[in-house]
Amino acid sequence: MKINRIDHISINVHNLSEAKAFFVDLELEVQAEWEMEGEQLDRIVGLNGVKTSCVGLGMPDGEAWIELVKFNAPPDKKGIQQSFANTLGIRHFSFNVDDLDAIIAKLKERGTEIFSEIEQYEDSYKLCYVRGPEGIILELAEKTG
């Protein structure tokens, strides 16, 4: 038995079009858009009356897939919960990038919250944390060594 690869990362969002635009600005490519509902989906996710709208985004090299999911029903009564880098649970994911400074400048122009400075980590990476739509935390990493 072995794990072959990570298939995809799913991110639940309230504003699907805003989240989609954010990741398209980072040059991910829309590869699919669909809606789902029904008893099988209810069983898969363990909820009743599920209706979703989804966008699948891929990297240009085809190596990664991000699935943005809007639960049209049932609603999440808690709403968006802002988290921090030290909040327990899955907190961020990282993109390896070519030109961190240019991406950060573009994100700043767009109004994205940049909550760390660009830092050189040892001789291997320049790193920066940003907060995307709905509190999604991304680490951007440029290999330097």
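Residues 24 or more positions apart account for 54% of the contacts (heavy atoms within 4.5 Å) in the protein chain with a separation of 6 or more. The model is predicted, so local features need pLDDT of at least 70 and side-chain atom pairs count only at pLDDT 80 or more, while totals for chains, interfaces and linings use all residues. Residues are numbered from 1 along each chain as its sequence is written, and side-chain values use heavy atoms, leaving out hydrogens and water.

The chain has 3 helices and 9 strands, which are DSSP runs (helices H or I, at least four residues; strands E, at least two) numbered from the N terminus. Of its 145 residues, 32% count as buried, that is, under 20% relative accessible area with a 1.4 Å probe, protein chains only.

Helix H1 and helix H3 pack at an angle of about 150 degrees, with their axes 11 Å apart, the axes being lines fitted to C-alpha atoms over the stretch in contact and angles running from 0 to 180 degrees between N-to-C directions. That makes H1 roughly antiparallel to H3, a term for angles over 145 degrees. The residues that meet are listed here.

| Helix | Residues in the contact |
|---|---|
| H1 (residues 16–25) | Glu-18, Ala-21, Phe-22 and Asp-25 |
| H3 (residues 100–110) | Lys-106, Leu-107 and Arg-110 |

Terms used
Parallel < 35°, antiparallel > 145°, perpendicular 65-115°, else oblique. Buried < 20%, exposed > 50% of the residue type's maximum accessible area, 1.4 Å probe, protein only.
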